[in-house]
Amino acid sequence: MTSAAPRPEPTPGRPEWSPSSWRAYPALQQPDWPDRAALAAVEERLRQLPPLVFAGEARALRAALGEVCEGRAFLLQAGDCVESFREVSAPLIREKLKVLLQMSAVLTFGAMLPVVKVGRIAGQFAKPRSGPTEVVNGVELPSFRGHVVHSDEPTPEARIPDPERLVQGYYQAASTLNLLRAFTKGGFADLNLVHLWNREFVASSPAGQRYEALADEIERALRFMKAVGIDLEHEPTLHEVDVWTSHEGLLLEYEEALTRTDSLTGEPYDCSAHLLWIGDRTRQLDGAHVEFFAGVQNPVAVKLGPSASPEDAVALAERLNPRRIPGRLTFITRLGADTIREALPPLLRAVRESGIPVVWACDPMHGNLLRTPSGTKTRHFDAILEEVRGFFAAHREVGTWPGGVHLEFTGEDVTECLGGSTEVREDQLDHRYETLCDPRLNGRQALDLAFLVAELMRAR
Ligand code: PEP
Ligand code: CO
């Protein structure tokens, strides 16, 4: 890897792509940095720092997503809505990983298919917002855009964007990724420990008990294989897993500064994470985000909300996957439980007709936000499940592969989403409501959902 200028891929009718060519296009949802010189100095420092991930890893994820694209694997992408600069510790990372491994075990066992595990982690710091301001305790303030931009403290001074936080975000991503690599390659993710991933507050719930039974079955299967003479000790896939990182590539100065030329292929990769996605609010075809991600060779995803037309989807697919590489592009739909059954099939048909391979994933979170009468932002488990059901139904109708799910969860016992088999009621929301942005599934609700998704996959 070097930091030399990458070789651009010329796009017909456009000036040549370069890591900075996005600057000629409008970039929505950007912080109003008060000191551009300070921002430029931070960019220069980031440019000198080592990449967080390697191009070869991003290619390996692209290949794994290629398997999803072909219907031979399933994608589980999940994590926080936004990571906090305050909450970075080994226990918090470990608990998130446990739930991800549990969900993945349930899905793998349920569908008998490999599960590609991608965290919204180690860099998921920046948020697009519906409005430029928000009202906190009766005071109107600039909307909170993530700790990588400013503090969430409810004062006007605290909300002034500070580019120094981009560097802090880089180092927090590095330490999170370091621990994630240690946990996933150093024994913690060993399938022989499948029982250990069940936490106390989860284990006592119906989903937790169901998980215990499944873990018993996995153990029995392992013992059987050992008994017939299969050498499990030397089978690396039992002892290590790949957990890939992803975040919304919102702050393009940061993404540009972490873009490196791969020494093997000479191609540019955004080395801030394995997979980057473009949010529903920044997916304009002539916008800066699409321009930037058209040129880097990582696997990329785009969120498609209710305003996305079939023509938009096809145009995005042509722009972002002109070489038609399976696994290069994922569409994450977030249409809402009430609309998905009508809105998704036309998108699926149009993209299939274009012949451009894409992975389809379902984000059942962002189309189902609601506010309680007292104003708390929440989501109901039933609406989340209903959107997932609609996703499977739409794919069955069209004959396409329901490739995966994209969720917001935490390993903790929070009360942010309503419902679930151990029901969170409206009057309980304030018990442990800790999210900095959107409401997340707690560990029990996430496992509940994994079992229900596994059933839908089995029913196919
Ligand atoms: C998110 O994933 O947290 C998000 C803001 O999503 P969307 O772009 O789909 O609204
Ligand atoms: Co969110």
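Me: How much space lies in the largest cavity?

Reply: The largest cavity holds about 80 Å³ of space. A volume here is the space filled by probe spheres set on grid points, which are joined across faces, edges and corners. Please note that this is a predicted model, in which local features need pLDDT of at least 70 and side-chain atom pairs count only at pLDDT 80 or more, while totals for chains, interfaces and linings use all residues. Residues are numbered from 1 along each chain as its sequence is written, chains are lettered from A and ligands numbered from 1 in the order in which they are written, and side-chain values use heavy atoms, with hydrogens and water left out.

Me: What makes a space a cavity, and how many of 30 Å³ or more does the structure hold?

Reply: On a 1 Å grid over the protein atoms alone, a cavity is a set of points where a 1.4 Å probe fits but cannot get out. The structure holds three such cavities of 30 Å³ or more.

Me: Which residues line the largest cavity?

Reply: Lining residues have an atom within 4 Å of a point. There are 13 for the largest cavity, and Gly-123, Phe-125, Val-148, Tyr-254 and Glu-255 lie nearest its centre. Helix H4 (164-185) gives the largest share, three residues. Helices (H or I, at least four residues) and strands (E, at least two) are DSSP runs, numbered from the N terminus.

Me: What classes of residue are found in the lining of the second largest cavity?

Reply: This cavity has a volume of about 70 Å³. Its lining has seven nonpolar, two polar and one charged residues. Ala, Val, Leu, Ile, Met, Phe, Trp, Tyr, Cys and Pro count as nonpolar, Asp, Glu, Lys and Arg as charged, and the others, Gly among them, as polar. Helix H3 gives the most to this lining, with three residues.

Me: Why is His-366 called buried?

Reply: Buried means under 20% relative accessible area, exposed over 50%, and partly exposed in between (1.4 Å probe, protein chains only). His-366 has 15% relative accessibility and therefore counts as buried. Asp-438, at 6%, is buried too.

Me: Are Ala-122 and Asn-137 buried or exposed?

Reply: Ala-122 has 4% relative accessibility and so counts as buried, whereas Asn-137, at 72%, counts as exposed. Ala-122 has a positive phi of about 60° although it is not a glycine; for Asn-137, also not a glycine, the positive phi is about 50°.

Me: How do you know that the protein chain agrees with a compact globule?

Reply: The radius of gyration is taken over C-alpha atoms, and the globule rule is 2.2 Å times the number of residues to the power 0.38. With 460 residues, a compact globule would have a value near 23 Å; the protein chain has 21 Å, and therefore agrees. Buried residues make up 59% of the 460 residues.

Note on methods
1 Å grid on protein atoms, 1.4 Å probe; cavity = no way out; pocket = protein on both sides within 12 Å on 5 of 7 lines; lining within 4 Å.
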